[in-house]
Structures are given as structure tokens and as C-alpha cells.
Amino acid sequence: AGTGLLVEANGDVGIGTTTPNAKTHIVSDGSTTGKSFFVENNLGDDNFTILDNGNVGINEVAPIAALQVNGQAIFTDEVNGASIFIGKGGNVTQAAELNFVENTSAQFSYGWRFRLDGTVNQLLLESNNGSAAAPQYYTQFGFKRAGVGVGIGVAIPTQEFHVAGNARITGAIYDSNNSPGTANQKLISTV
């Protein structure tokens, strides 16, 4: 990159650059998966890594995503309450995802996910019992944003409660008067 270490009169430090524009400005030698910045403890354990491509690893020496954390993360905000916002602009099918998987490949395989489908304004709980290359997707629950609606086994519930498939109920079904009825009584619509 052209230079080793430069300290300007104003206190800015440049590593690999002769024109630092911040208190610490590092210019790496490449733009791939080489390390731009690396911190380890006295035992040689990886604590913090920034790769040339911009990926950041916390307790991960070779992060494969923009941020990869190996360990637990805690988010707190004692003033406003902790929040995590996930999404991208536009009404797109993959507007946001929260994945729980049995791998570290940053791919949705063998696991569960909550997915926001912006094209139909629904939050889906889905499972994949296959790999990313050969997925076996199942919609477990669907929640619509406008109004009330929960679907089991169906992505787009057409009623407040919509089950696609068989149902087993071991308790009573209550009518609109909050009555379970009597044995062998047929339920009829009260609407």
C-alpha cells in the first residue's frame, strides 16, 4: 500500500497510507480474504478480525459474512429497549430472514427460519429438511400483516385460523357463545 506507519501532527494515524483521514486509517494490501486488522489475546485466540473484503469476525478468524460472531451476543438499551431491525427496501419475497441452522455456511439448510415475504405482507415460519442445494421447504405457520390470521401448514390464511391438513383436538371446540356444547352435538355456524 505504500507506507508503514505514519502519525500526523493532528494525531491521525495512517497504516499503509500517507494521507490518513481518521484517528486510525488502515489501507490493506488486497480486497479478498486477507486480514486488514486482527486482534488476538496472549494465548493466540482469535478475538477480532476485519478482512480485506470488509467481513468482520468476532472470535472468528475467517468470517464468511459481513458480520460473523462465534459465541453469544447480548443486545441491551436501558433507555429505549433493545431492538434489532432486519430487512431491505421494497416489496420483495425475501424482505427479511432470521435463520436457525445446523451449519456455519451462512446458508439456509437443515433448520428453521422466520421469513418476511413483502410481496404478500406475511411472516412465515418455515423449515428446510434438506441442504441449500437440494432444499425440502415446509411452511409451518403463516401470519398475515393486515388483519388477523394464522395458518398452520398454509402460507396465506384465508380465515382467522386456517389449517391445511388434518387436525386432532383432544379438548372441546367452543362456539361463539363460549359453549362447548354436549356430547354428539353438531356445531353449526352462528354467523
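**A strand-only chain and its salt bridges**

Let me start with one residue. Arg115 is buried, and its relative accessible area is 8%. The cut-off for buried is under 20%. Keep Arg115 in mind; I will return to it.

One caution. What you see is a predicted model.

Now the whole chain. How many helices and strands does the chain have? The count is 0 helices and 13 strands.

Next, the dimensions. The C-alpha atoms fill a box of roughly 90 × 40 × 35 Å along the principal axes. The radius of gyration is 26 Å, while a compact globule of 191 residues would have one near 16 Å. Buried residues are 19% of the 191. Then the contacts. Take those with a separation of 6 or more: 10% of them join residues 24 or more positions apart.

The surface. The accessible area is about 13,700 Å². Carbon and sulfur atoms hold 53% of that.

Charges next. There are 9 positive side chains and 16 negative ones. The centres of these two sets are 17 Å apart.

On to the pairs. How many salt bridges does a search of the whole structure find? It finds 5.

Take Lys23 and Asp12. Their side chains form a salt bridge, 3.6 Å from N to O. The two residues are 11 apart and link distant parts of the chain. Lys23 is in the loop between β2 (13-15) and β3 (24-26). Asp12 is in the loop between β1 (5-7) and β2. Asp12 is buried, at 10%.

Next pair: Glu126 and Arg113. Here the closest N and O atoms of the salt bridge are 2.6 Å apart. Glu126 belongs to strand β10, residues 122-128. Arg113 belongs to strand β9, residues 111-117. That is 13 residues apart, and again the pair links distant parts of the chain. Both Glu126 and Arg113 are buried.

Back to Arg115. Its side chain meets that of Asp117 in a salt bridge, at 3.6 Å from N to O. Asp117 counts as buried because its relative accessibility is 9%. Arg115, as I said, is buried at 8%.

Last point. Which residues are linked in a network of salt bridges? They are Glu97, Arg113, Arg115, Asp117 and Glu126. So look for Arg115 there, in the network.

Notes: Residues are numbered from 1 along each chain as its sequence is written. This is a predicted model: local features need pLDDT of at least 70, side-chain atom pairs count only at pLDDT 80 or more; totals for chains, interfaces and linings use all residues. Side-chain values use heavy atoms; hydrogens and water are left out. Helices (H or I, at least four residues) and strands (E, at least two) are DSSP runs, numbered from the N terminus. The radius of gyration is taken over C-alpha atoms; the globule rule is 2.2 Å times the number of residues to the power 0.38. Buried means under 20% relative accessible area, exposed over 50%, partly exposed in between (1.4 Å probe, protein chains only). Contact means heavy atoms within 4.5 Å. Accessible areas come from the Shrake-Rupley method with a 1.4 Å probe; for residues, only the protein chains shown count as cover. Lys and Arg count as positive and Asp and Glu as negative; His and the chain ends are not counted. The place of a charge is taken as NZ of Lys, CZ of Arg, CG of Asp or CD of Glu. A salt bridge is a side-chain nitrogen of Lys or Arg within 4 Å of a carboxyl oxygen of Asp or Glu.
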